[in-house]
Amino acid sequence: SRREGLGIYLYANPQSAREREFNASMEEKAEAIRCRRFEQLLNEQFGFLDKEKMRMDFLEYFRKKCYKKHQKWKVVYEHFSDFCRGKCLLGEVTEDFCKRFQKYLLEGGRRDDRKGTLAHNSIAGYWSTFRALLKEAYKERLLNENLNDFIEDIEYEEVKKNFLTADEVKLLAATPCEKPILKAASLFSILTGLRISDILKLRWEDIRPDADGEMAMFIRIQKTQKESIHPLSPEMLALCGERDKGIVFKGFNRSMTQEPLKKWLKA
C-alpha cells in the first residue's frame with residue numbers, strides 16, 4: 001500500500017446540508033485521485049502506456065536538467081529545441097525520434113539561423129550528452145525502456161594536439177593580456193598541467209606545506225577523482241598572487257578561454 005497526503009480536509013461533524021455536500025464532493029475528488037494513482041501503479045507494473053505521463057513536456061524536463069549540469073547541456077538543449085521546433089512530449093521520444101535527432105546533429109544542426117557545420121567531435125560530445133539525458137529519464141522511470149540499447153553512439157575522431165614550446169611559453173609570458181587573471185591562470189595551468197576544471201575550483205586551502213615543509217597543492221583531480229600532491233615552485237606561487245581565502249583565481253571563468261584568450265595568443 002502507499003499513502004499520499006492530498007491536503008483535502010472534511011468537516012468532522014457537518015452541521016448543515018452545505019457542509020455535508022462539501023464533504024461528499026471532497027471525498028469524490030479524493031477517490032478519483034486514488035483511482036488515478038492505482039491506474040499509474042498498474043501501468044508501471046505491467047508495462048502499459050500511461051497516457052497522462054506520455055503527455056508530459058519532455059523539452060521542459062530537459063531544460064530543468066540543464067540547471068544542475070555542465071554548460072554543454074544547455075548547448076545540446078538549444079539544438080534539441082530547434083530540432084523539435086520548441087515542442088516535445090514524452091510520448092514522442094522513441095527510437096526513431098532519437099535517430100532523427102542524431103541525423104540532425106550529423107548534418108550540422110541549426111541554431112540562431114546560422115548554417116555552419118559543427119565539428120565531428122562536437123557532435124559526438126552533444127550526442128553523448130543527449131544519451132546521458134535518456135539514461136536519466138529511464139532511471140527515473142519516465143521512459144519504459146532504455147533507448148540507448150537501440151541507438152548507436154557517435155565515435156570521436158582522433159585529434160592531433162598541438163603543444164607550446166618553451167620559447168613560445170616565454171613569449172606568451174612576456175606578452176601583455178587585457179585580462180591579467182586569464183594570463184595568471186593560463187600560465188599556472190601550463191606550469192602545473194592542471195585542467196581548466198581543476199583551475200576553476202582550486203582554493204587557497206588546497207595550497208599548504210607538504211611533509212617536507214615545501215609548498216604544494218593537495219587536490220582531487222575532477223576528471224579522474226584521484227587525490228594528488230603537486231609541489232609548487234616560487235614561479236607557480238607568484239602566479240597565484242597574495243594569499244587569501246576561497247578560490248585562488250577569483251574572477252576567472254570559462255568564457256575567457258574564447259575570444260580573450262585568442263586575442264592574447266594572436267598578440
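Reader: Is Cys84 buried or exposed?
Author: Cys84 is buried in this predicted model, with a relative accessible area of 11%, where buried means under 20%, exposed over 50% and partly exposed in between, for a 1.4 Å probe and protein chains only. Residues are numbered from 1 along each chain as its sequence is written, and side-chain values use heavy atoms, without hydrogens and water. Local features need pLDDT of at least 70 and side-chain atom pairs 80 or more, while totals for chains, interfaces and linings use all residues.

Reader: And how many disulfides are there in the whole structure?
Author: A search of the whole structure finds 0 disulfides (pairs of cysteine sulfur atoms within 2.5 Å). Cys84 is in no disulfide, and the nearest cysteine sulfur, which belongs to Cys88, lies 5.0 Å away.

Reader: Switching topic, how many residues does helix 8 have?
Author: Helix 8, which covers residues 180-192, has 13 residues; helices here are DSSP runs of H or I with at least four residues, strands are E runs with at least two, and both are numbered from the N terminus. From its first C-alpha to its last, helix 8 reaches 18 Å, close to the 18 Å expected, a figure found as 1.5 Å times one less than the number of residues.

Reader: Which of its residues are buried?
Author: In helix 8 the buried residues are Leu182, Lys183, Ala184, Ala185, Ser186, Leu187, Phe188 and Thr192.

Reader: What covers them?
Author: The cover over the buried residues of helix 8 includes helix 7 (166-174), helix 9 (196-201) and helix 10 (234-240), along with helix 11 (259-266). Strand 2 (215-220) and strand 3 (227-231) also belong to that cover.

Reader: Tell me about Thr192, what does it touch?
Author: Thr192 has its place in helix 8 and is buried at a relative accessible area of 15%. Leaving aside residues up to four places away in sequence, Thr192 touches Met217, His230, Leu232 and Met236 (heavy atoms within 4.5 Å).

Reader: Which backbone oxygen does its side chain reach?
Author: The side chain of Thr192 reaches the backbone oxygen of Phe188, at 2.7 Å, and Phe188 is itself among the buried residues of helix 8.

Reader: What follows helix 8?
Author: Helix 8 is followed by Gly193, and the phi of Gly193 is positive, near 80 degrees.

How values were computed. A polar contact is a pair of N or O atoms within 3.5 Å; within protein, one must be able to donate a hydrogen and the other to accept it, and residues adjacent in sequence count only if both atoms are side-chain atoms.
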